[in-house]
Amino acid sequence: MVCENAVAGTAWGLFGGLAPGAVVENLVFDSSCSLTVNTVIQTDCGVVAGMIWDARQDSWDTNYALAKKYYEHHGNLNMKVKFKTSNGIDHDEKGVALGNWIFHLRQRKNELSEERIKQLENIGMIWDVYEESWDANYKLAKAFYEHNGHLRIRNDFISSDGIKYDEKGIKLGFWISDQRQALRKGNLQEEKIEKLNSIGMVWDLTEELWNMNYELAKKFYEHNGHLNVLQKLKTSDGITHDENGLAIGTWITHQRKLKKIGELSEEKINKLENIGMIWNVKEDKLLTNPINKKTQEQVTEYLYDKLNG
């Protein structure tokens, strides 16, 4: 393979590097551009034959010093893989590929000495980025639940504290959506499922929305004695109109259509009938519309005809 910009005195990849004045032959680079010399090394100090040479310690010290500066400035080591720097703070395309170095260290933790592992942890090294990120998002989700009493979070909700919207925060809404997808794919650990359940996680949005509409319809029924809901009714309490509420008028109509085509479960049919649902719209209006001028005799006649086919 070819390691671009591999010049004397410059470290590349995870470990490789050469001192000024070195001349080498028969080089072998691994996938991280680490250097191994199989035959001859010519240095300012003379020739060393048949020796394997690397500059791991020098490279480590250089990269670690930059990582430490990054940590002292940012408070973490959460840099992008493409991050390059000359001072440990600012991005510099001509600098050391520090992000790549950190990335490979995480991949090769089992190859590092205890001393180096401790050095890195002293400057905030997180070995499992996914777990750290999951825990951070969970803490925000828990704060949202404790403040709002539910976990119905919009996909575009971004927050730094789990309560207030903050453009510079974590995309909590997308994270919640990702957990639902992970569960469907069987990629969410039981421990995480239990933690999310403990803060009111809603796994099935369709079912949750049905239940929310049903509760509002139930309140409407308890207040009015029927479910003759205007098509345009939107409400947040089941009683008063609210443009920002749920469109339960449309929802009631949709339930009638679902039953008609056989796509409404018996359980839901029973729940709706328990709060006065009348599936025939004509019958509903006849029995419950206060401005209908039908007399009691006409209502009785209608019901008799209906019962007798």
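What follows is a chat about a predicted model of one protein chain.

Reader: What share of the contacts comes from residues 24 or more positions apart?

Author: Taking the contacts in the chain with a separation of 6 or more, 34% are between residues 24 or more positions apart.

Reader: On to helix packing. At what angle do α4 and α5 cross?

Author: Helix α4 covers residues 129–148 and helix α5 covers residues 172–184; their axes cross at roughly 110° and come within 10 Å.

Reader: Which residues of α4 and α5 meet?

Author: From α4 there are Trp134, Asn137, Tyr138, Leu140 and Ala141, and they meet Leu172, Trp175, Ile176 and Gln179 of α5. By class, the contact of α4 with α5 has 7 nonpolar and 2 polar residues, with no charged ones.

Reader: Now α7 and α8. How do their axes cross?

Author: The axes of α7 and α8 cross at roughly 105° and come within 10 Å. The two helices, α7 and α8, are therefore roughly perpendicular to each other.

Reader: Which residues in α7 and α8 meet?

Author: On the α7 side they are Trp210, Asn213, Tyr214, Leu216, Ala217 and Phe220. On the α8 side they are Ile248, Trp251, Ile252 and Gln255. The contact of α7 with α8 divides into 8 nonpolar residues, 2 polar and no charged.

Reader: What about α7 against α9, roughly parallel or roughly perpendicular?

Author: Helix α7 (residues 205–224) and helix α9 (residues 266–273) have axes that cross at roughly 15° and come within 12 Å. With that angle, α7 is roughly parallel to α9. The cut-off for roughly parallel is under 35 degrees.

Reader: Is the crossing of α7 and α9 left-handed or right-handed?

Author: Right-handed, as α7 passes α9. The contact involves Glu207, Trp210, Asn211 and Tyr214 from α7, together with Lys268, Lys271 and Leu272 from α9. Sorted by class, the contact of α7 with α9 has 3 nonpolar residues, 1 polar and 3 charged.

Reader: How accessible is Met212?

Author: Met212 has a relative accessible area of 25%, which makes Met212 partly exposed.

Reader: Next, the loop between α7 and α8. Where does Gln231 make its contacts?

Author: Gln231 is in that loop between α7 and α8. Leaving aside neighbours within four places in sequence, Gln231 contacts Gly249, Thr250 and Thr253. The side chains of Gln231 and Thr253 are joined by a polar contact of 2.7 Å. Gln231 and Trp251 are 20 residues apart along the chain, with their C-alpha atoms separated by 8.5 Å. Gln231 is partly exposed, at a relative accessible area of 46%.

Reader: And Lys232, buried or exposed?

Author: Lys232, also in the loop between α7 and α8, is exposed, with a relative accessible area of 67%. Lys232 and Thr250 are 18 residues apart in sequence, and the distance from C-alpha to C-alpha is 6.8 Å.

Reader: Change of topic: Arg256. Why does it count as buried?

Author: Arg256 has 14% relative accessibility, and so counts as buried; the cut-off is under 20%. Arg256 sits in helix α8, residues 248–260.

Reader: What lies 2.9 Å from a polar atom of the Arg256 side chain?

Author: The backbone oxygen of Ile278.

Reader: Last one, Thr85. Where is its place?

Author: Thr85 is in the loop between α1 (56–74) and α2 (98–107). Thr85 is buried, at a relative accessible area of 0%.

Reader: What is around Thr85?

Author: Apart from neighbours within four places in sequence, Thr85 is in contact with Leu66, Asp90, Asp92, Gly95, Val96 and Leu98. A polar atom of the Thr85 side chain also lies 2.8 Å from the backbone nitrogen of Gly88.

Key: Residues numbered from 1 in each chain as written. Predicted model: local features only at pLDDT ≥ 70, side-chain atom pairs only at ≥ 80, totals over all residues. Heavy atoms only, no water. Axes fitted to C-alpha atoms, helices over the stretch in contact; angles between N-to-C directions. Helix = DSSP H or I, 4+ residues; strand = E, 2+ residues; numbered from the N terminus. Parallel < 35°, antiparallel > 145°, perpendicular 65-115°, else oblique. Left-handed = near helix turned anticlockwise from the far one by under 90°. Contact = heavy atoms within 4.5 Å. Nonpolar A, V, L, I, M, F, W, Y, C, P; charged D, E, K, R; others polar. Buried < 20%, exposed > 50% of the residue type's maximum accessible area, 1.4 Å probe, protein only. Polar contact = N/O pair within 3.5 Å; in protein donor to acceptor, adjacent residues only side chain to side chain.
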